[in-house]
Amino acid sequence: MRLPLILCLVLGACRALSAQSGLPALEAAQIDTLGAESDFPSKCFDAAFAGPRGRFFLRSCAVGYQRQEIYLVQFDGYGFRPVEIQVPESVNWPQQRPRLTHQHSDSLLIGHYANALLRFNLNNQQSTLLPIDSTGRKVILQTAPGIPGETWVLAKDSAQVYVFRYADGRFRQMAALSLEGTAFSEGTLYSASLLCYHNQTLWFTDASGLIVRMDAATGIFTRFVLRSPGETEDGLIRNLTVHCNTVYCTRTYLNKTTLLQLRTGEKQFLPAPFGPSTIGEIFKLFTDRSGNMVIVCEKTSKITGALLIDAGGKMFNYAPVLTNVASSSIMQLDGQDFKKQMKVLTREGLFLLSLRQPGGIQIYFPDKSMRGMIELPSGDLLAAIDKNTAFYPLSDPDVAVLEPYHNKWPVWKGQRFLADGQYVWYLSGRKFNTVYRFDQQSQHLDSFLFDLKINRIAVLPNQKLVLASIPHLYVFDVQSRALNLYLENGHPKVFDFGKQVHDMVLGRNNTLWLGSNGGLWQVDLQGRKSKQLAREAGLQDYRVQVVCESRTGLVWFGTILGGLHCYNPKTGRVRVIDRASGLASNTVVSLLEDDEGYLWAGTYDGLSILDSTGRILRNLGLSDGLSYTEFNRFSYLKTRSGDLYFGALRGLNRIVPEKIINGLKGLTPSQVYLTEISWFDPGNVQFVTRQTGLDQLGTIQLIADKRFLNLSFALADYSQSSENVFAYKLDRPGQQWVHIGKEHQLNLTGLPAGAYDLLIKGLSHNGNWSEPLRIPLQVSAFFYNQRWFYVLLLLIGPAAIFTWFFLRRRRSKVVQAEASLASRIADPKPLGWLENLEAIAQNTLSGKGELTAKYLADKMAISERQLLRKLKAETGMTVKDYIQEIKLQKARHLLESRTFDTIAEVAYACGFNTPAYFSKVYEKRFGKRPGEYN
C-alpha cells in the first residue's frame, strides 16, 4: 500500500492534523448545546446510547462509587431524568464499580459487575445479572458485543485470563491465557482493560505493552508486545479499535503518545503514518456505525488536531468540526455517520453537530443583491446585480469576477431573463413597455417598443412572444412585427389577473401557466381555451408569484402568504404545503426542479427541499452555508450542468443538488416517543402513571366515566428541540390534525367511545415531520349508549320504554322549573359578561372541552386580546390566572364534598396534568394541602 507512505510525508506531526492543506476539510453547519439550561447536577457525560424510537440515554461521568451505582440518565430534549438501575445489594465488590459499556441492540445495553454480565433493557429499564461461574472467583474485566445475540466476556482470576462467549442463554469458555508477566496479574486495571470484536477475531489488552489476538473459531492466541528496544517500563495502551481491516491503538510512554497500527498480514504494530506526537499530546480514537473513524489529538485537554478516515480509506481534515465545540477534553463521539451529524460528549457539556456537505453550497458576492440571471451557450452566467443598468458575467463561477458585459444594456429592477437559442430576451423600461433581444452571436441588441404596459413575457417557438398586459394576452410575431390579441371563441379574452402578473411559464403541450394576483391561469394556446384556479379551487392564497411545471406534469406554484401549492391538471386537485407542513416560509419566490426530480423552493426564510410527492426533506438556512435566507424574485436558474443558482437579498448561492441530497440520505428519520402516560386503569381500579415500557403498552382501556388521558412526549430530533412542534389526531372518520405548537404534553378529556388510535407526530426545526406515533385506545361507552342496552329495551317492551321516557322527561321538567325559579329569585337580572364567562368555564371543566384562552375567547365571540383586556378590567387577573382560579375553586368544592376518593381523581377532574403540581398550587392558594381533607 503506497497511501501510508505518501500520507506520512503530507501529514507530519499530530498537531498538524488541524491544518492539512492537502486534505478536504469538513465543517460544522450547526452546533447545539443539549440541556444547557437543565438543573441536572453534572454536565460531564462519557458515553451515549440510542434507545427505542430514538430515545437518548447518557452515562454520566459522576459515578456513585460508595453506593455502587450506575449513573445513567435519559435526555428527551427538554431535560434529564435519572434512570434507576437495580443491582442486588448482596453483591459487594468495593474495588469494582458496575459499568454499562456497550450497546448491543436498539433496546439492550451490556456491561459487567463483579463476576456477572450486566444486561440492561432500555425499553422496560430492567437489569439482569448473569454470573459467569458459581464460585465468584473470576472477575469480569470487559465485555464486547459480537454478532447479533452474542456477547464476548474477558475475565480473570488469580492465575489466568479467560475469554467467554455468551449466546443462547449460556456462557461458554473459549480460551484461557496465563497471567505470568502481564499487567492482568496486578489486579487493579479493570477499567483500563480493552476488548473489541471484529470479523471473527477478538482483540484485547491488559493496557500495558501487550495486545492479544484470538481467533474466535479456533481459540488460538497471538501475542503482540509493543515495548520498543531500550524501554524499561510498560507503556499505557489507551485505545484499541479496528477500522478498514486495520487495528489501531495508542501507547503512552514517558508522557509521549504514539499511534500504532497493524495491517492485515503484518506481524507487528508499527507507527501509523500520521507522524509522531510531541510531549504531552495524546490520541483518542472514535468510530461510528457507518465505518468512519475519527482520530483526535489533544494536549492539556485542548484539541490540537483531528482526522476522519472513512470506510473507503479517504481522509478529511476534521479539526474545523471539533475545535469550535470542545473547550475541554472529548470523552466520546457518537453517531450513525460522522460525516453528517454526531453527538460530542465532553467534560463541560453535551453537543449535537450537523455537518455541511463539502462543495454543496458556494457563495458569491455576499454583499450584493442578486436579480435576474441567465446562462449563455458559452457557459457564462449573466446576472443583473443591485438593480444596476447593465449585465455582469460570472465568467468563472469558481472565481466569480464581476465585469460589465454590455454597458448599454438597459435593465430596470432586475427582470427575469429568458433564453431562446442564440437570443436572450428580457422586459425593461421605466414604463415596462420595451422588450429587448440580445443576439449572442452578433452581440447586437434589438428593442421592441409597445404601446402597452407589459407585465411578463414568454418565448414561443418560431420567434414569437406572448405578452401579458392586464387584462389581455397578446401574441407578437418578431419577424413580421405583427401584434395580435389572444382570442377565445372569436373574441378577445378578458383575464382576471388582478393588478399584477408575476410569472409566465410555457409548459408541455403548448400550455401557458400564468401566476397572478387573480390566481393561477392555465391557457391552452393551441386549443384556445383557458382555466382559472383561485380561492374556490382550494388555494390558500390566490396571489401566485412563481410557477414551475415538473417532469411528472404536476404544476407547483408559490404564493405571497399561502405557501407552496401543487396542482394536478389530470385530477384538478390542489395540495397545499405551508409552514404547518414544514415549509421554511409561507412566502415562496423561486422554484427549481433538479435533475433527480427534487424541488427546491426559495422563500423569505430559507431554502426548502421537497421530493416529487411534496414531502419536505430539509430546510436550509445560514448554518447550512447560505449567504442569506431571504431570496429575490426572478433570481433563480438551473444550468445545463445541473447546478442551481439562487440569488438572495445578499449574495448568490450556487447549489450542487446531488451533494446536498446525498448528505440527507441515510439519516434516520426522527420519531416521536412517549416519556410519560397517565390514565385510570380499570384492571387495577386505580390511576396509573408509566414512564417505562411505553412501547409495549398495548391497547389502553378507558372506562366510560373516566375517559381521559394525560401524555408527555418528545421528538428524537434534539437539535433546537425547543423549536419542535407537535400535532395529534384521533384516527376516526372526519377527524383532522390538531396542531398544539411547541407544547409537548397533552391532556385529553371526554374521549369518544370506540376502538381507535391516538396519533401524535412532531415537526423538527428543519422542516421534517415524523411518522405518527400510534397509541391504540378502547374507550367504553356509558351503558345506555351500548348495544346490549337497546336489546334489553326491546325485550322489556314498548310500555316500559314509554314509562321510562315519560318519568325521565317529567323529572327533567320539574328540575328545570325548580332551577329556573331559583335563578329568578337569586338574580332577577340577566347574567352579566363575567357570569357568562364563568358558566362557560365551569361547563368546560365538566367534560365538554379543554379550558384554554382560545376556547373561552371563541365561546365569548371575541379575540384573545379582547378577552385579556376585559378580564383584566373586571377581575384584575390574566386569563391564565383566571383559568387556574376556576380550576382550584372546583377542586375545593370536590374536596369539601368528598366527591372522589383520591387526590389524583380530583386533580384530573379539574384539568391538572399531575397530582403533585395540583397539590403544590392548591396549598399555595388556600394554605392547606388537598390531603388534609378527611
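Biologist: With which side chain does the side chain of Arg 654 make a polar contact of 3.4 Å?
Modeller: This is a predicted model. Arg 654 lies in strand E57, which covers residues 652-655. A polar contact of 3.0 Å joins its side chain to that of Asp 643. The contact of 3.4 Å is with the side chain of Tyr 364.

Biologist: Is Arg 654 buried or exposed?
Modeller: Its relative accessibility is 14%. Buried means under 20%, so Arg 654 counts as buried.

Biologist: Which backbone oxygen does the side chain of Thr 346 reach?
Modeller: Thr 346 is found in strand E27, residues 341-346. At 1% relative accessibility, Thr 346 counts as buried. Its side chain reaches, at 3.0 Å, the backbone oxygen of Gly 349.

Biologist: What distance separates the C-alpha atoms of Ile 560 and Arg 543?
Modeller: Leaving aside residues up to four places away in sequence, Ile 560 touches His 502, Asn 517, Asp 541, Arg 543, Gln 545, Asn 586 and Thr 587. Arg 543 is 17 residues from Ile 560 along the chain. Their C-alpha atoms are separated by 6.0 Å.

Biologist: How many aromatic pairs does a search of the whole structure find, and why is the pair of Phe 45 and Phe 80 stacked?
Modeller: The search finds 35 aromatic pairs. In the pair of Phe 45 and Phe 80, the ring centres are 5.4 Å apart. Planes under 30 degrees apart count as stacked. The pair is therefore stacked, with its planes at 20 degrees.

Biologist: Which strands hold Phe 45 and Phe 80?
Modeller: The two residues are 35 apart, and their pair links distant parts of the chain. Both are buried. Phe 45 is in strand E2 (residues 45-50), and Phe 80 is in strand E5 (residues 80-83).

Biologist: What is the angle between the ring planes of Phe 495 and Phe 497?
Modeller: Phe 495 and Phe 497 are each buried. Their ring centres are 5.0 Å apart, and the pair is stacked because the planes are at 0 degrees.

Biologist: Over which ring does the charged end of Lys 928 sit?
Modeller: Ring pairs link a cluster of Phe 912, Tyr 917, Phe 918, Tyr 922, Phe 926 and Tyr 933. The charged end of Lys 928 is 4.1 Å from the centre of one of these rings, that of Tyr 933.

Biologist: Which residue in E13 stands opposite Arg 165?
Modeller: Strand E12 (residues 160-167) and strand E13 (residues 170-178) run antiparallel and are joined by eight bridges. Their hairpin has two residues between the strands, and Asp 168 takes a positive phi near 55 degrees. Opposite Arg 165 stands Arg 172.

Biologist: What share of the residues in the protein is buried?
Modeller: The protein has eleven helices and 66 strands. Its accessible surface comes to about 44400 Å², with 49% belonging to carbon and sulfur atoms. Of the 934 residues, the buried share is 51%.

Key:
Residues are numbered from 1 along each chain as its sequence is written. This is a predicted model: local features need pLDDT of at least 70, side-chain atom pairs count only at pLDDT 80 or more; totals for chains, interfaces and linings use all residues. Side-chain values use heavy atoms; hydrogens and water are left out. Rings of Phe, Tyr and Trp (its six-membered ring) pair if their centres lie within 6.5 Å; planes under 30 degrees apart count as stacked, over 60 as edge-to-face and the rest as tilted. Helices (H or I, at least four residues) and strands (E, at least two) are DSSP runs, numbered from the N terminus. Buried means under 20% relative accessible area, exposed over 50%, partly exposed in between (1.4 Å probe, protein chains only). A charge sits over a ring if NZ of Lys or CZ of Arg is within 6 Å of the ring centre and within 35 degrees of the ring normal. Accessible areas come from the Shrake-Rupley method with a 1.4 Å probe; for residues, only the protein chains shown count as cover. Two strands pair if DSSP finds at least two bridges between them. A polar contact is a pair of N or O atoms within 3.5 Å; within protein, one must be able to donate a hydrogen and the other to accept it, and residues adjacent in sequence count only if both atoms are side-chain atoms. Contact means heavy atoms within 4.5 Å.
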